[in-house]
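Hi everyone, thanks for coming. Let's bring the structure up on the screen and walk through it together.

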Amino acid sequence: MILLLVVSAVTFGIFFLLPRLAGQTADQLAQQYIGKSPSAADIAAVKHNLGLDQPLYLQYWHFIKGIVAGATYNLGPTTVHCNAPCFGYSFKDHVEVWPQLTSRLPVTVSLAAGAAVLWLVSGVTVGVISALKPRSFFDRAFMGVALAGVSLPMFFTGNLAILLFTYQWPIFGRTYVPFTENPAQWANTLFPAWCSLALLYSAIYARLTRSGMLETMNEDFIRTARAKGLRERNVVVKHGLRAALTPIITVFGMDLGLLLGGALITESVFSLHGIGQYAVQSIESNDLPPILGVTLLAAFFVVIANLLVDLLYAAADPRVRLS
Amino acid sequence: MTDLSKTGAAVGEPVNAPSDAPNAFLEVRDLKVHFPTDDGLVKSVDGLSFSLEKGKTLSIVGESGSGKSVTSLAIMGLHRLGPRGKNVQMSGEIWLDGQELVNASPDDVRKLRGQQMSMIFQDPLSAMHPYYKIGDQIVEAYRVHHDVSKKVARKRAIEMLDRVGIPEPAKRVDGYPHEFSGGMRQRAMIAMALVNNPELLIADEPTTALDVTVQAQILDLIRDLQKEFGSAVVLITHDLGVVAEIADDVLVMYGGRCVERGPVDEIFETPQHPYTWGLLGSMPRIDRETSDRLIPVKGQPPSLINVPSGCAFHPRCPYADIPKGDVTRTVRPELELVPGGHWSACHLPAADRTRIWTEEIAPKL
Amino acid sequence: MRRSALAAVAAIGAATLLMAGCSKADDSKSDNGGTKAAGANAATKDVVNASTHKGGTVTYELSDVPDSFDPGNTYYAYMYNFSRLYARPLMTFEPGPGSKGNTLVPDLAASKGVSSDGGKTWTYKLRSGLKYQDGTAITSKDVKYAVERSNFARDVLSLGPNYFQQFLVGGKDYKGPYKDKSAEGLKSIATPDDTTIVFHLNTAFQEFDYLVAAPQTAPVPQAKDTGVDYVKNIVSSGSYQFSSYEDGKSATLVRNKNWDPKTDPLRKQYPDKIVVNLKVNADTIDKDVLAGNAIDMGGTGVQAATQAQLLTSADKKAGTDNTFGGRLVYMAINTKVAPFTNVQCRKAVEYAIDKVSVQTAEGGPIRGEIATTVLPPDITGYVKDDQYASTGNKGDVAKAKAALQACGKTTISTNLSARSDRPQEISAATAIINSLKAVGINASLKQYPSGKYFTDYAGVPKFTEQQNIGLIMMQWGADWPSGYGFEQQILNGAAIGASGNTNLSQYDNKTVNNLLSKAIGTEDVTTRNSMYAQVDKQTMSDAVLVPLTYFKVLLARPANYSNLVSTAAFSGQYDYLNIGTTK
C-alpha cells in the first residue's frame with residue numbers, strides 16, 4: 001500500500017515537473033520532436049498525436065490508465081494497441097517504452113548483480129582484515145586503495161579498465177552477450193564493467209565493514225565468545241561479522257535497488273544498453289515517456305529494495321522480528 | 001621480608017618460591033598487567049599475588065579502575081584478545097591446577113577457557129550475542145570442548161537451563177536473549193558458564209545490573225552451584241554486601257595493588273586499611289539511619305599511569321598525616337600480617353589503626 | 001540545417017583528457033591492418049585502400065542514436081549517407097573525394113531529372129528491373145508514396161525536412177496518405193506509368209535534383225508502411241537489408257539477394273554483413289577506429305585527447321583525414337538592434353575581430369580554417385574573397401575604430417549570445433569579446449541552452465531585440481551542398497520567422513532576396529553559381545555576419561577498411577556506399 005503510494009507520488013511529481021524543465025509550453029515541447037522550420041499546423045498535429053494538447057490532468061490520467069489498462073495510439077496508417085503495462089510511446093523514437101525497458105533490464109541486472117557480488121565479497125573481506133589488524137600496513141594500504149576507489153570517477157576507472165583489458169591485453173570481450181545465450185561470454189564481456197563498478201562500491205563497503213567490525217569486536221558478546229574458548233576465526237566470523245554484517249545488508253539492498261534503476265555513467269562508459277543508458281539518451285532528447293518509464297521503474301526498484309531490506313533485516317536481527 | 005619489597009603476598013602465607021609449582025588450586029604470583037598507551041604506561045595490575053582452593057570463594061573488591069576486572073581477564077587469557085591486547089605487557093605467574101598460564105601458548109589457554117575456567121559477565125544483555133538463540137549459544141560453548149552432536153549438546157543445554165532455575169527450559173532454549181528478563185538472562189549466562197563443569201568460575205560483577213531481589217537469587221544460585229560442582233569461585237565486585245553474603249576470603253584492591261586481604265570475617269570485623277573502612281562506610285545497610293548512610297570515599301580513584309608515590313591512597317586518606325615524617329608520600333607500604341590474622345598495607349601504626357576503627361569508624365557503621 | 005551529433009560528444013571531452021596520458025597502448029598497433037597508411041588527408045583527394053575484395057563485416061559505431069533509420073523520417077547527414085545502403089533515392093552523390101563528391105548522379109532514376117515549364121515540372125524515369133528485398137517490383141508509385149508520407153504526414157513522421165511540402169503545387173492543403181485515403185493522393189506528383197514520376201512545383205526550382213537526392217524519395221511500399229513502426233520492418237531497395245534491428249541499440253544488415261547489380265552502377269555489395277552499434281562510448285569508438293575495425297558513423301571526428309595523440313606522431317597522422325565539414329562557424333550581427341542598424345557599426349565589428357584567437361579557441365586549424373566568406377570552400381558557388389582583410393587575420397584596430405567613428409560612436413554596449421552547452425562556442429565568444437573590447441565595443445556574454453537556442457532565445461527576433469542581443473554565435477551547414485541550400489535559410493529576408501528563426505541577422509536585402517529567387521530558377525549552373533557568389537559578396541559588404549572558421553573535422557581512417565573517400569556531400573564523412581573490409 002505504502003509502496004503504491006510512494007510510486008504514484010513519484011510519478012505525479014515527474015509528470016507535472018518534467019515538462020516544465022524540457023520546455024515552457026506544449027508548443028515548444030512539440031517543436032522539439034519535429035524537423036526544421038515546422039509550420040503551426042505541423043506543431044499542432046504533433047501536439048495532438050502526443051496528447052500534449054490536452055490538459056495536464058487528463059494527460060496524467062491517460063498515462064496512469066495506460067499502465068493499468070493499456071492504450072491505443074494513432075501512429076500512421078493504422079492504430080496501434082499498446083498492452084498493459086503501457087508506459088506510452090517514445091515521443092522521439094516512436095517505439096513503445098515498456099519493451100525497451102524490459103529488453104534493457106537484463107543488461108542492467110547483469111551489471112548490477114555481478115558487480116554487487118564482487119564488491120560485497122571483496123569489500124567485506126578487505127574490511128574484516130583491516131579491522132582485525134587496524135593501523136597495520138595492510139589496513140593502511142587497503143584503506144588507501146579504498147579512498148582512491150571512492151574518489152576516482154567512473155570516467156577514469158571505466159575507461160582505464162577498457163583500455164587495459166580490451167585493448168592492451170584483450171582478455172575480455174566487448175559486446176554484451178545475454179546470459180541465456182552464453183554464460184561464459186556474458187561474464188567475460190561484463191567483467192571489466194563489474195570490476196570498475198565494484199571498485200567504486202567495494203571501497204565504501206570495505207570502510208563500512210571495517211568500522212562496523214572495529215565496533216563489534218569491542219562488544220561484550222565477543223568477549224563472551226572468547227571466554228567460551230572459541231577459536232579466534234570463529235569468534236570473528238560467527239560472532240563479529242554476523243553482527244557487523246546486518247547494517248551492511250541494509251545499505252547493500254538500497255545500493256542494489258538504486259543500481260537496478262540504471263547505472264547511468266557505467267553503462268555509458270561501457271556502451272552497455274541498459275536502463276541507465278536509456279535514461280541518459282531520453283534526457284538528452286527531452287523524450288518524456290521514456291524518462292517517466294525509467295524513473296518509475298527506478299522508483300519501483302528502490303521501494304522494493306526497501307521492502308526487501310526490511311524483511312531481510314527482520315530475518316537477520318531477531319530483535320526487530322515481528323512477534 | 002626483603003624479597004617482598006616488590007611482591008605482594010598470598011592469603012594466609014607469604015610467597016617465597018616463585019617458580020615452584022604451588023599447592024593451591026589457583027595461585028597468582030606477582031602478576032603485572034601493563035598497557036602501553038599514547039599517554040603512558042597504564043599499570044592496571046601491578047604486582048598482585050593470591051591463591052585459592054577448590055570449593056572456596058575469593059572476593060576481589062575495589063572501585064572501578066582498581067584492576068580487579070583486568071586481573072580476572074588476565075587469568076582467563078582474555079586481556080590480550082581485547083582491543084588493547086596487542087601491546088599488553090604481562091609478567092608474573094598464574095598457576096591453575098598445576099599449569100602455568102602466563103607463559104603458556106595462547107591456544108593452550110584457549111583450550112582451558114570455558115572448559116576448566118569460565119566466566120560470568122556483568123551485563124548479560126550485552127554479553128550474549130543478540131542474534132543467536134540462548135540454547136545455541138550454550139550449545140556452542142559445550143561443543144567447543146566436547147565432540148558431541150548438536151542434539152546431545154542441546155539436551156545438555158536444556159538440562160543446564162533447568163539446573164539454573166529457568167522455567168520451561170525445553171521451550172526457553174529457543175528464545176533469544178532479548179526475550180529474557182534480566183535475572184533469567186543472568187541465569188542463562190551462568191548455565192552457559194557452567195555447561196562444561198569448570199573448576200574455576202570467575203564472576204565479574206554478576207549482580208550489578210540486576211534488581212536487588214534478583215541479586216540475592218543469583219548469589220544463592222552461584223553458591224549452590226559452587227557447592228554442587230565444588231568449583232573455586234573468584235567473585236569480582238565493588239559491593240561489600242555481596243561479599244558478606246558469599247565470600248570466604250576478601251582481597252581489596254586499590255590502584256592495581258592489593259591493600260588488604262584476609263578471611264571475610266576478619267575484614268568485616270577488624271578491617272585495618274583506611275580504604276577498606278571507606279568501602280565499608282559506603283556500603284548501604286538496611287539497619288542504618290538515613291542521615292549517615294553512605295559515606296563515600298572522598299576524591300577520585302588514582303590514575304593508573306601516574307600512581308601516587310608512597311601509599312597510593314594517601315591523597316584520599318584522612319589519616320595520611322598521622323605517621324611521622326612524609327613516609328606515606330614517599331614509601332610504598334607493604335603487606336604485613338596484622339594481629340587479627342590477615343594482611344594489610346598501611347603505614348598507620350597498629351595502635352592508631354585499632355583506635356580509629358573502634359572509636360571513629362565502627363560506631364558509625 | 002542537417003543536424004549533427006556534435007553536442008553529445010562535447011560533454012565527454014573533458015573526461016577523455018584524463019586518458020591522454022595512459023594511451024600508449026595503441027603505439028604498436030598501427031600496422032595491424034596490413035596496409036600502410038596512405039598519408040594524411042589521402043581520402044580527401046582520392047579513394048583510399050581501393051579494393052574489390054568481397055566478404056567480411058563492416059562495423060559502424062555511433063555515440064548517439066540517429067533520429068530514425070526510416071529514410072522518410074531522418075534529418076541527420078550520416079543517416080542520409082548510410083540509408084542509401086537499404087533505401088535508394090532517385091538521385092544521389094557520386095562517391096568522390098572532397099567537393100567532387102558534390103556531383104549528382106542518378107540512382108533509382110535512370111538519368112538526371114528533365115525539367116520543363118522553366119524548371120517548374122520535373123520528370124524522372126526509373127531504371128528497369130528494380131526490385132525490393134522481397135522480389136516485388138519497385139514502381140514510381142512507391143516513390144510518390146514515399147514523398148507523401150515523409151513530407152505531408154507531419155503529425156506522424158515529423159523528423160525529416162519538408163521541402164516537397166513547400167515546393168509542390170497544392171502541398172499546403174494535402175493532409176498526407178494516412179489521413180487522405182484517396183487513391184490519387186497528392187495531385188502534383190504524377191505517375192503516368194510504373195517507371196515515370198513527374199513533380200509539379202509551384203515555383204521554378206533548378207536544384208530539384210538535390211532535393212530528390214534526399215532519402216525521402218527512396219521507395220516505400222504502401223502495403224508495408226506502418227507509420228512510425230515502419231522503422232522496425234524497413235523494406236530494402238538497396239544492396240543490403242536489415243536482418244535485425246534493436247531500437248536504440250544496434251542494427252545488422254546483410255546482403256539483399258534481390259538487389260540486382262545491373263540496375264545499380266554505384267553499389268558494389270562488398271562486405272557480407274554491416275553492423276551498426278549505437279550509443280557506444282565516444283572513447284571506445286576512437287579506439288576501435290584506430291584499431292582499424294570500426295567507422296565513426298557520426299563523422300564528427302575524433303575526441304580531443306585522441307586528436308592530440310594522432311597529431312604528435314607523423315606515422316599516426318598519415319592515417320587521418322582533416323576535412324571540411326560543409327559548415328560555417330560565424331557570428332551574426334543583428335541588424336535590428338541598435339547601433340548595428342548602421343552598417344558602419346557592423347563594419348567596425350568585422351574589422352575588430354582577431355580571427356586567429358577565435359580559431360585557437362575553437363581548437364586550432366584542425367577544427368577549422370579561418371573564414372572570410374559565407375560559403376565554405378566545399379560548397380558549390382564558393383569564390384575566394386576577403387573584404388575585411390587584416391594582417392595575419394588578427395584584426396585591424398585602426399580600421400575598426402575608423403568605422404566606429406563613421407558610425408558616430410566611440411563605444412558600443414551590447415550582448416553576445418552563445419550556447420551554454422558548447423564549450424568551444426563559449427570560448428570562441430570569449431575571444432571575440434576580448435577583440436571587441438580593444439576597439440571600444442563592450443559585449444557581455446549571454447548563454448542559452450542549445451536545445452532552446454532557436455525556439456526560445458536567439459531564434460526569436462523579439463527576444464533578441466528586447467535583450468539587446470546585437471551579436472549571435474552560430475554555426476550553419478546546408479541541406480544540400482549548393483549556394484542556395486546554404487544561403488537561403490540564413491540570408492533570405494523571407495526566411496525570418498517569429499520563432500525558430502535561422503536568419504539571425506534579420507537580414508532583409510532586396511538584392512539578395514531577388515538574387516536567391518532568380519538563381520534557383522536559373523538553369524545554367526555557372527550563372528547560378530555566380531549569383532551565389534554575388535549574394536556572398538553583397539552580404540559581406542553589408543557586414544551582417546562575421547565568418548569565423550570553415551568547420552573541419554579530423555577523421556581517423558580505419559586501416560582494415562577499403563574504399564574510403566571523404567565526401568563534401570555528407571559533411572566530409574566517408575562515403576558509406578562501398579566501404580568493405582580487407583579482413
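In what order do the six strands of the open sheet in chain C come? They run S13-S17-S12-S16-S14-S15, and the pairing is mixed. Strands here are DSSP runs of E with at least two residues, helices are runs of H or I with at least four, and both are numbered from the N terminus; two strands pair if DSSP finds at least two bridges between them. Strands S13 (368–370) and S15 (441–448) of chain C have a single partner strand each, so they stand at the edges with one side lacking a neighbour in the sheet.

A quick note: this is a predicted model, where local features need pLDDT of at least 70 and side-chain atom pairs 80 or more, while totals for chains, interfaces and linings use all residues. Residues are numbered from 1 along each chain as its sequence is written, and chains are lettered from A and ligands numbered from 1 in the order written.

Back in the sheet, S12 (residues 320–333) and S16 (residues 469–477) of chain C run antiparallel, joined by seven bridges. One pair to find on screen is C:Tyr330 with its bridge partner C:Met474 in S16(C).

Now, how does chain C meet chain A? Here 38 residues of chain C are in contact with 41 residues of chain A, contact being C-beta atoms, placed from the backbone, within 7 Å. Helices H1 (6–19), H6 (282–290) and H13 (453–457) of chain C each give two or more residues to that side, and H1(C) gives the most, with four.

Conventions: Contact = placed C-beta atoms within 7 Å.
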